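Please look over the sequence and the model before reading on.

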Amino acid sequence: MGDTYVISGLTTKRAEVSGIIADLEKRIAQHRADLVHIDAVLRLYAPEVEPESIAPKAVRKRNDWFKPGELSRMVLDILRIAPAPMTGKEIAAEVMQRRGLDARDARTAHLVGKLVHNVCTRHAADLVERAGDGKVAAWRVAR
């Protein structure tokens, strides 16, 4: 009885994964066809451009914790009210508290820390600045 249940579950899972692969292969084929058409138009309007020399743009996967722009606003809000520059780890801890994420979960803390670091370095030119020159970066709102 148990074997039948396991086999049934595995066949269902295999069918699901197989369907996902088939769908992805169709989408890849469509994207490749689109790329051929774009390359053809590029060759017509800009023959000096070699389409193969154009580097692919990295696809960023959005996370489920924050809506687009929400983390940036949250980090800036945290830094605006901070009495002193904060490290990325301190900012991440505050973000996790505000978001209701478990600060004891090391993996989540690490991922949020990376996201906070990315926000700070992305906005380093205009909104935030690195404070001090120690080994660990501390951030504050740019003046």
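Does Thr108 count as buried or exposed? The model under discussion is predicted, and in it Thr108 has a relative accessibility of 12%. Because burial is assigned under 20% relative accessible area, Thr108 counts as buried.

Thr108 has its place in helix H4. Once neighbours within four places in sequence are set aside, the residues in contact with Thr108 are Trp65, Met96 and Leu101.

## The packing of helices H2 and H4

Two packed helices are described by the angle between their axes and by the distance between those axes. Helix H2 covers residues 70-81 and helix H4 covers residues 106-122. Their axes come within 10 Å and cross at roughly 80°. Angles of 65 to 115 degrees count as roughly perpendicular, and H2 and H4 are therefore roughly perpendicular to each other.

On the side of H2, the contact is made by Leu71, Ser72 and Val75. On the side of H4, Leu115, Val116, Val119, Cys120 and Arg122 take part. Sorted by class, the contact of H2 with H4 comprises six nonpolar residues, one polar residue and one charged residue.

## The nonpolar core

The largest nonpolar core has 20 residues. Within this core, the residues with the most contacts are Val75, Ile91, Val95 and Val116. At least two residues of the core come from each of H2, helix H3 (88-99) and H4. The helix H2 gives the most, with six residues.

Val95 illustrates how these contacts are arranged. Apart from its neighbours within four places in sequence, Val95 is in contact with Phe66, Leu71, Met74, Val75, Ile78, Val112 and Val116. Two of these partners, Val75 and Val116, are also named among the core residues with the most contacts.

## The sheet

Strands of a sheet pair through backbone hydrogen bonds, either parallel or antiparallel. In this model, three strands form an open sheet in the order S1-S3-S2, and the pairing is antiparallel. Strand S1 (86-87) and S2 are the edge strands, each pairing on one side only.

S1 and S3 are joined in the antiparallel sense over two bridges. Thr87 has Ala138 in S3 as its bridge partner. Between S2 and S3, which also run antiparallel, there are four bridges. Glu129 stands opposite Arg140 in S3.

## The hairpin and Gly132

S2 and S3 form a hairpin with six residues between them. The loop in question lies between strand S2 (128-131) and strand S3 (138-141), and Gly132 is part of that loop. In the turn, Gly132 has a positive phi of about 80°.

Is Gly132 buried or exposed? With a relative accessible area of 56%, Gly132 is exposed, because exposure is assigned over 50%. Gly132 and Ala142 are 10 residues apart in sequence, and their C-alpha atoms are 13 Å apart in space.

## Two buried loop residues

His123 is found in the loop between H4 and S2. The relative accessible area of His123 is 17%, so this residue is buried. Residues up to four places away in sequence are not counted here, and His123 then touches Ser72 and Val128. Ser72 is also one of the H2 residues that make the contact with H4.

Ala46 lies in another loop, between helix H1 (2-45) and H2. At 14% relative accessibility, Ala46 counts as buried. How far apart in space are Ala46 and Ala22? The two are 36 Å apart, C-alpha to C-alpha, with 24 residues of separation in sequence.

Definitions and conventions
Residues are numbered from 1 along each chain as its sequence is written. This is a predicted model: local features need pLDDT of at least 70, side-chain atom pairs count only at pLDDT 80 or more; totals for chains, interfaces and linings use all residues. Side-chain values use heavy atoms; hydrogens and water are left out. Buried means under 20% relative accessible area, exposed over 50%, partly exposed in between (1.4 Å probe, protein chains only). Axes are lines fitted to C-alpha atoms, for helices over the stretch in contact, and angles run from 0 to 180 degrees between N-to-C directions. Angles under 35 degrees count as roughly parallel, over 145 as roughly antiparallel, 65 to 115 as roughly perpendicular and the rest as oblique. Contact means heavy atoms within 4.5 Å. Ala, Val, Leu, Ile, Met, Phe, Trp, Tyr, Cys and Pro count as nonpolar, Asp, Glu, Lys and Arg as charged, and the others, Gly among them, as polar. Two strands pair if DSSP finds at least two bridges between them. A nonpolar core is a set of buried Ala, Val, Leu, Ile, Met, Phe, Trp, Tyr and Cys residues joined through side-chain atoms within 4.5 Å.
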